[in-house]
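Dear colleague,

I am handing over the structure below, and I would be grateful if you would look through it before reading my notes.

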Amino acid sequence: MKTKTEIGYDSRIEGDVICTRLDAALNWFRKNSLWPMPMGLACCAIELMGTGASRYDISRFGAEVMRFSPRQSDVMIVAGTVTYKMALVVKRIYDQMAEPKYVIAMGACASTGGMYRSYSVLQGIDHLLPVDVYVAGCPPRPEALLDALMRLQRKVAKEPVIATLKKVA
Amino acid sequence: MAETRDIQFRDVAGQAAEAAQALAPANDAGEVELQGEKMVLNMGPSHPATHGVLRIVLELDGEIITKAVPEVGYLHRGDEKIAENMTYTQFIPYTDRLDYLAPLANNVAYALAVEKLLGIDKELTPRCRFIRVICVELARISSHLLGVGCYAMDVGAMTVFLHTFTEREKIHNLCESLSGARFTTSYTRIGGLSRDMPPGWMEACRQFLKEVVVNIDETETLLTRNRIFVDRTQGVGVISREDAIDYGLSGPNLRGSGVEHDLRKAQPYLVYDQLDFEVPVGSTGDSYDRYLVRIEEMRQSVRIVHQCLDKMPGGPINVADGKVVLPPKDRVLTRMEELIHHFLNVTQGINVPPGQIYFGHENPKGELGFYINSRGGGTPYRLKIRSPSFVNLSILQRLLPGHMMSDTVAILGSFDFVMGECDR
Amino acid sequence: MRAQQLAQQLKARFGDLLSEPAEFRGELTMQVVDPEKIADICRMAKEELKFDYLVDITSIDNYGEDPRFSVVYHLYGYEHRAYLRLQLSVSEETCQVPTVTTVWKTADWHEREIYDMMGIRFAGHPDLRRILMWEGYPHHPLRKDFPVTGKSTSVPGIAFTEAAPLAGGPFITVAGGKDAMAREPRGRLPETDSTESKGPSQQPLSTGH
Ligand code: SF4
């Protein structure tokens, strides 16, 4: 019998009661409904759409609710080349997102500037935003993006929510 | 977690002032404003209906658009400058990322342009020509599928998007077995192709064609007589024949306005003169017509691919000239001459004669042209990409005023543009 | 050949203003001697010779030559299906060409793009603003003395002003380099090998203030 599970159903207690830590419960809620803010900037956005569409079906991971409103989203997926002209817009949208917020840098361009080492391209969105997961590829396959999402879920699951809340308050 | 930088933003008021300035010529000083205040609305660059990073500053009087100023350049990546610093072959991957909905077509367009400059466009092997036509038409189907799917989603029908994407995934699979990548294919080479079709590919392609016609029919069932769709698109965004020509539109957007111009017919390249297909044109030039043209073009593409598969000749896929195409590896490793060719090809690039050419290619979005100015040697002196989306979008400032705000989405969707290619 | 006839008609009309059509790979190029007349020539080509479709306008920087810039017009007619290329030269001092937006509306964005990328102004253009780069950007990127990595700028209000870090990459070739060694691609700053212009200092984007 595994003892390390954070969420457990104790059949001895009557009714539908689950015993867990509040942290774990909150994180569980959060990680399974990470609503993305699809920052589709270039070619990678097509793979992002592919991930959301019929075959790869991102809704298996609770992230199919693409929100173009930053206020309603949890994770910004920066998919594509960030140019200098666009960079401030991306930053601004990120700033408008509500905490807790995460960033996935999808593709070589968003991570490092990729093959566009030129006068107009920001060499990696991490100059601007704190990136949680980088996805390699040009473009990354949908599987790679899903993998990134799962990694992010693992990261979210480990967050000390209550402690952070206390610190902020 | 990476370190971040603080950035000084121009304040909101400043940006609003800037937007107002962009619209300034609209209000002459003495004009009496009887209509009340006009509102400036900023749409994009991050907006679901702008298919990427287009920004339009709209001036509204109530719900009617009185002025529209499209702003592009949010995806300007400097492709033309990069091209000047690369050999011709090195630039092929960048062409994938122009119109990233139809990379195969861009690859073919670019290769044909360089071949024209080299003067070897007549020497391409028959097999190469047929495979290239298949590539272009598959790309067209794929691009239009996405175009129609997204258009439907923009005007409120999510199902169509999921439906067409199913077929697109099949095209991605075909591309993957053909070139090794799902959609950044880089499949062509100057003078040929990177590899031949894998065994069984033709059958897979036939199977796909059988399935896609069903899908196109179903898509039509969902949309063509759908009351909501028709109401939102018919009579909206009407482009007259004269305007379409004056603004230099191309592709389905031009043909939707009734101009029968298709470079595959007008300037036949590859083997289009041996193939039997029709060019659909619209009659009124509204958004609905553009949609119908796309649907019909997909059917015609299916026809073309069928014919190509039936006629597919055997033989080599590359021209025999070792100065242009990399020689086969086993010969490179055993023979001196091929070794030298290989070495020069890889280090200096193909030696292209001085001169200038323009080659226009009928891409899914319109006329994708490459103007290459060469001064000899391995790199272009100047490479200009004439991108259809860029030109097509320039009509927005004329088209949008007079429409309702909500029509913007219906019009933008019907243009089916790609910012990667528009901004380059 | 149809294009040849049309070119001759144009030549007959404008005489010395146009050079003899030169043919290369089946395409005709005519040099326009006096840039000031380009709009007139275009109007005649459009209205009388049915070149109703302006395919493209582009520009070339012939760095180190005089006149420095060329502007290239590609014309096409739907009826006769012929292409024609008109080319004119402008010097760095004038840097100004009359607009052809009066002839074709589509010239609008093409000319804005040339102004943005090459810095050539178009007299009479209704709305000559930058189109691809942002307003206030001080350079014209497609000029040959502008390196692909960009130059540092110090325009207040715009956050990104350093050159892009090249990090040793990409392999850059010098167009038309004098010998095989010069043409061979390698990681280096562009232009510095072919011209004297000083390259940018290759400092990486600094993180943090
Ligand atoms: S990483 Fe590649 S596919 Fe993605 S945006 Fe950049 S160039 Fe396009």
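What follows is an account of what was found in it.

This is a predicted model, in which local features need pLDDT of at least 70 and side-chain atom pairs count only at pLDDT 80 or more, while totals for chains, interfaces and linings use all residues. Residues are numbered from 1 along each chain as its sequence is written, chains are lettered from A and ligands numbered from 1 in the order in which they are written, and side-chain values use heavy atoms, with hydrogens and water left out.

Let me begin with chain A. Its secondary structure comes to six helices and six strands, where helices (H or I, at least four residues) and strands (E, at least two) are DSSP runs numbered from the N terminus. Along the sequence these elements follow the pattern β-β-α-β-α-β-α-β-α-β-α-α. Of the 169 residues in chain A, 53% are buried, meaning under 20% relative accessible area, with exposed being over 50% and partly exposed in between (1.4 Å probe, protein chains only). Among contacts (heavy atoms within 4.5 Å) in chain A between residues at least 6 apart in sequence, 74% join residues at least 24 apart.

Four strands of chain A form an open sheet in the order β3-β4-β5-β6, with parallel pairing; two strands pair if DSSP finds at least two bridges between them. Because β3 (36–40) and β6 (133–135) of chain A stand at the edges with a single partner strand each, one side of each is left without a neighbour in the sheet. Neighbouring strands of this sheet are turned by 15 degrees against each other on average, direction ignored, the axes being lines fitted to C-alpha atoms, for helices over the stretch in contact, with angles running from 0 to 180 degrees between N-to-C directions.

Two helices of chain A pack on this sheet. Helix α3 (residues 84–96) touches β3, β4 (75–79) and β5 of chain A, and its direction makes about 175 degrees with that of β3(A). Helix α5 (residues 142–157) touches β4, β5 and β6 of chain A, and its direction makes about 155 degrees with that of β5(A).

Strand β5 (residues 102–106) of chain A is joined to β6(A) by three bridges, and five bridges join β4(A) to β5(A). A:Ile104 of β5(A) is the bridge partner of A:Ile77, and A:Ile104 also stands opposite A:Val133 in β6(A). Five of the five residues of β5(A) are buried, so this strand is largely enclosed by the rest of the structure. Both of its faces are covered, with A:Tyr102, A:Ile104 and A:Met106 on one side and A:Val103 and A:Ala105 on the other.

The ligand lies between chains A and B. It is surrounded by 13 residues, the closest being A:Cys43, A:Cys44, A:Ala108, A:Cys109 and A:Cys138, where a residue is near a molecule or strand if one of its heavy atoms lies within 4 Å of it. Helix α4 (residues 107–112) of chain A gives the most to this shell, with three residues.

Chain B has a mean pLDDT of 83, and 91% of its residues reach 70 or more, pLDDT being the predictor's confidence in each residue, from 0 to 100. Over residues 1–13 of chain B, however, the pLDDT is below 50, although this stretch has 35 contacts in the model beyond near neighbours in sequence. Where pLDDT is low, the predicted coordinates should not be read in detail.

With best regards
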